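Open your viewer and get ready to select residues by number. We will go stop by stop.

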Amino acid sequence: MRFSASERLLSHPLTTIWAVEQLVMERYRGRWVGVDAAGRVVADAQELDELLDSLDAAGIVGATVQRIPALDEPLFVGLR
């Protein structure tokens, strides 16, 4: 069985949290994600309402919801 580069990286004992976060960022760019207390993505969707419906349907409570911006999207840091 062949493993992808990301699977090999994730299974390597010297993989850092930063490397894992970068892989997650690349995989979910431009999408809404639900993250559990352990930091795992438990659901994702293109639209926020789709993600919330998915979390409700799966009975997932307490997930942190956030959007992972696409590379060309501006980052909003706050309002003044």
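Start with Glu-73. Its side chain meets that of Arg-67 in a salt bridge, 2.7 Å from N to O. This is a predicted model, so the distances are computed from its atoms. Is Glu-73 buried, partly exposed or exposed? Its relative accessibility is 28%, so Glu-73 counts as partly exposed. Now click on Arg-67. At a relative accessible area of 31%, Arg-67 is partly exposed too. Buried would require under 20%.

**Zoom out: the whole chain**

Show the cartoon. In what order do they run? From the N terminus, the elements go α-α-β-β-α-β. Colour by accessibility next. Of the 80 residues, 18% count as buried. The chain exposes about 6,500 Å², and carbon and sulfur atoms supply 57% of that area. Then look at how the chain meets itself. Take the contacts with a separation of 6 or more: 33% of them join residues 24 or more positions apart.

You have seen one of them, the pair Arg-67 and Glu-73. For another, select Asp-44 and Arg-31. Their side chains form a salt bridge of 2.6 Å, N to O. Asp-44 is in strand 2 and Arg-31 is in strand 1, so the pair links distant parts of the chain, 13 residues apart. Check the accessibility of each partner. Asp-44 has 31% and counts as partly exposed. Arg-31 has 24% and counts as partly exposed.

**Next stop: the loop at Asp-36**

Select Asp-36. Where does it sit? Asp-36 lies in the loop between strand 1 (31–35) and strand 2 (41–45). Show its side chain and look for partners. A polar atom there lies 3.0 Å from the backbone nitrogen of Ala-38. The backbone nitrogen of Arg-40 is 2.8 Å from a polar atom of the Asp-36 side chain. Asp-36 also forms a salt bridge with Arg-40, with the closest N and O atoms 2.9 Å apart.

Compare the two partners. Asp-36 counts as buried because its relative accessibility is 19%, under the 20% cut-off. Arg-40 counts as exposed because its value is 52%, over the 50% cut-off.

**Next stop: the core**

Which residues make up the largest nonpolar core? Select Ala-43, Ala-45, Leu-51, Leu-55 and Ala-63, 5 residues in all. Strand 2 and helix 3 (48–58) each supply at least two residues of this core. Leaving aside neighbours within four places in sequence, Ala-63 is in contact with Gly-34, Val-35, Val-42 and Leu-55. Leu-55 is a member of the core as well.

**Last stop: a patch on the surface**

Select Leu-48, Leu-52 and Val-65. Together they make a nonpolar surface patch of about 190 Å². Finish on Val-65, which is found in strand 3 (residues 64–68). Is Val-65 buried, partly exposed or exposed? With 32% relative accessibility, Val-65 counts as partly exposed.

Technical notes: Residues are numbered from 1 along each chain as its sequence is written. This is a predicted model: local features need pLDDT of at least 70, side-chain atom pairs count only at pLDDT 80 or more; totals for chains, interfaces and linings use all residues. Side-chain values use heavy atoms; hydrogens and water are left out. Helices (H or I, at least four residues) and strands (E, at least two) are DSSP runs, numbered from the N terminus. Buried means under 20% relative accessible area, exposed over 50%, partly exposed in between (1.4 Å probe, protein chains only). A polar contact is a pair of N or O atoms within 3.5 Å; within protein, one must be able to donate a hydrogen and the other to accept it, and residues adjacent in sequence count only if both atoms are side-chain atoms. Patches are made of residues with over 30% relative accessible area and no salt bridge: like charges are joined within 9 Å, nonpolar side chains (Val, Leu, Ile, Met, Phe, Trp, Tyr) within 5 Å. Accessible areas come from the Shrake-Rupley method with a 1.4 Å probe; for residues, only the protein chains shown count as cover. A salt bridge is a side-chain nitrogen of Lys or Arg within 4 Å of a carboxyl oxygen of Asp or Glu. A nonpolar core is a set of buried Ala, Val, Leu, Ile, Met, Phe, Trp, Tyr and Cys residues joined through side-chain atoms within 4.5 Å. Contact means heavy atoms within 4.5 Å.
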